[in-house]
Amino acid sequence: ARKTLNLALAGADGRMGREIQALIAAEPGFHVAATVNSAADWVRVPQAVDVVVDFSTPEGLVAAIAWCEGSG
């Protein structure tokens, strides 16, 4: 059985974030487990996320890196 890849998408409400969500919706094996649009959103991202995709801001990238480091 193929494992589903769970993603956290930072900058989800932006142009690229919306495009990625549309593409992933049509692809089996991928799931957007969390959408992040502000630094405060990281507190609700599940630990089960496999990959973080960031199309946010420089500050958003810092928050994404901090979450990744804290999540191992």
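Which residues does N6 touch, not counting residues up to four places away in sequence? Keep that one in mind for a moment, everyone. Before the answer, a word of caution: what you see above is a predicted model.

Now, the answer. N6 is in contact with H31, A33, A48, V49, D50 and V51 once residues up to four places away are set aside. N6 itself sits in strand β1. Is N6 buried or exposed? N6 counts as buried because its relative accessibility is 18%, and the cut-off for buried is under 20%.

On to its partners. β1 and β2 run parallel and are joined by six bridges. If you want to find one of them on the screen, look for A10, whose bridge partner in β2 is V36. To get from β1 to β2, the chain passes through helix α1, residues 15-25, and this β-α-β crossover is right-handed.

β1 also pairs with strand β3, residues 51-54, again in the parallel sense, and here there are four bridges. L9 has V53 as its bridge partner in β3, and L7 stands opposite V51 in β3.

In what order do the three strands form the open sheet? The order is β2-β1-β3, with parallel pairing. β2 and β3 are at the edges with a single partner strand each, so one side of each has no neighbour in the sheet. On average, neighbouring strands of this sheet are turned by 30 degrees against each other, ignoring direction. Helix α1 packs on the sheet and touches β1, β2 and β3. The direction of α1 makes about 155 degrees with that of β2.

Which residues make up the largest one? There are ten: A8, A10, A34, V36, W42, V45, V49, A63, A64 and W67. β1, β2 and α2 each supply at least two residues of this core, and α2 gives the most, with three. To see how the parts meet, click on V45: apart from residues up to four places away in sequence, V45 touches A8, A34, V36 and W67. There is also a second, separate core of five residues, including L7, L9, A12 and I20.

You will find A64 in helix α2. A64 is buried, with a relative accessible area of 3%. Leaving aside neighbours within four places in sequence, A64 is in contact with W42, V52 and D54. The C-alpha atoms of A64 and V49 are separated by 12 Å, and these two residues are 15 residues apart along the chain.

Last topic: charges. How many salt bridges does a search of the whole structure find? The search finds two. In one of them, the side chains of K3 and D50 meet at 3.1 Å, N to O. K3 is in the segment before β1 and D50 is in the loop between β2 and β3, so this pair ties together parts that are 47 residues apart in sequence. K3 counts as exposed at 59% relative accessibility, whereas D50 is partly exposed at 38%.

Definitions and conventions
Residues are numbered from 1 along each chain as its sequence is written. This is a predicted model: local features need pLDDT of at least 70, side-chain atom pairs count only at pLDDT 80 or more; totals for chains, interfaces and linings use all residues. Side-chain values use heavy atoms; hydrogens and water are left out. A nonpolar core is a set of buried Ala, Val, Leu, Ile, Met, Phe, Trp, Tyr and Cys residues joined through side-chain atoms within 4.5 Å. Buried means under 20% relative accessible area, exposed over 50%, partly exposed in between (1.4 Å probe, protein chains only). Contact means heavy atoms within 4.5 Å. Two strands pair if DSSP finds at least two bridges between them. A crossover is right-handed if, with the strands pointing away from the viewer, the path from the first strand over the helix to the second runs clockwise. A salt bridge is a side-chain nitrogen of Lys or Arg within 4 Å of a carboxyl oxygen of Asp or Glu. Axes are lines fitted to C-alpha atoms, for helices over the stretch in contact, and angles run from 0 to 180 degrees between N-to-C directions.
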